[in-house]
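Please look at the sequence and the structure before reading on.

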Amino acid sequence: MSNLISRLSINWIHNIRWIIMADPNAKKLFWFLFAGSRGGINRISIIELLIEQPYNINQLSDIIKIDYKAIQHHIHVLEKNNLITKEGEKYGILYFISNYLEANMEAFREVINKIQKSKKK
């Protein structure tokens, strides 16, 4: 019985991913958050790290080499705009990329590539 429930749960989760569609306005949001406002490069760094694995704020601060409070601010901005989610409590909170970002990863990569190319000029 529990094996059947597990398979049903996995199928349900798999089907939910298909329901989350790419947002046609995602590129506008990405341009604003990463190119149109201060701190965009730091927010890109945070997301790039979270794509690889979940981290807490202290770990992100150590890796990116910016102030804990600055990371906290960027995390708040990304969370408010539904690009990351969190699990856990207090100091044990880990941050992950959101389903919304996963569904719009192609648009994210496109915008980030254009920003990075323009910075090299």
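A residue is called buried when its relative accessible area is under 20%, exposed when it is over 50%, and partly exposed in between, using a 1.4 Å probe and protein chains only. The model is predicted, and local features need pLDDT of at least 70, side-chain atom pairs count only at pLDDT 80 or more, while totals for chains, interfaces and linings use all residues. Residues are numbered from 1 along each chain as its sequence is written, and side-chain values use heavy atoms, with hydrogens and water left out.

**Overall layout**

- The protein chain has 7 helices and 2 strands; helices (H or I, at least four residues) and strands (E, at least two) are DSSP runs, numbered from the N terminus.
- Starting at the N terminus, the order of elements is α-α-α-α-α-β-β-α-α.
- Of the 121 residues in the protein chain, 31% are buried.
- Among contacts (heavy atoms within 4.5 Å) with a separation of 6 or more, 57% are between residues 24 or more positions apart.

**The nonpolar core**

- A nonpolar core is a set of buried Ala, Val, Leu, Ile, Met, Phe, Trp, Tyr and Cys residues joined through side-chain atoms within 4.5 Å.
- The largest such core has 31 residues, and Phe-30, Phe-34 and Leu-83 touch the most other members.
- At least two residues of this core come from each of α2 (26-34), α3 (40-52), α4 (57-64), α5 (68-80), β2, α6 (99-103) and α7 (105-120).
- The largest share, 6 residues, is supplied by α7.
- Leaving aside neighbours within four places in sequence, the contacts of Phe-34 include Ile-44, Leu-78, Leu-83 and Phe-108.
- In soluble globular proteins, nonpolar side chains tend to be buried together.

**Helix α2**

- The residues Ala-26, Leu-29, Phe-30, Leu-33 and Phe-34 of α2 are buried.
- These residues lie on the same side of α2, because they cover an arc of only 105° around the axis; the arc is that of the directions from the helix axis to the C-beta atoms.
- Lys-28 and Phe-32, on the other side of α2, are exposed.
- The cover over the buried residues of α2 includes α3, α5, α6 and α7.

**Helix α5**

- The 13 residues of α5 should span 18 Å at 1.5 Å a residue, and the end C-alpha atoms are 18 Å apart, which agrees; the expected span is 1.5 Å times one less than the number of residues.
- Ile-71, His-74, Ile-75, Val-77 and Leu-78 are buried in α5.
- They are on the same side of α5, since their arc around the axis is only 160°.
- Lys-69 and Lys-80 are exposed on the face of α5 turned away from its buried side.
- The elements covering the buried residues of α5 include α2, α3, α4, β1 and β2.
- After α5 comes Asn-82, which has a positive phi near 60°.

**The two strands**

- Strands β1 (residues 84-87) and β2 (residues 94-97) run antiparallel and are joined by 4 bridges; two strands pair if DSSP finds at least two bridges between them.
- Ile-84 stands opposite Ile-97 in β2, and Thr-85 stands opposite Phe-96 in β2.
- The hairpin of β1 and β2 has 6 residues between the strands, and Gly-88 in this hairpin takes a positive phi near 105°.
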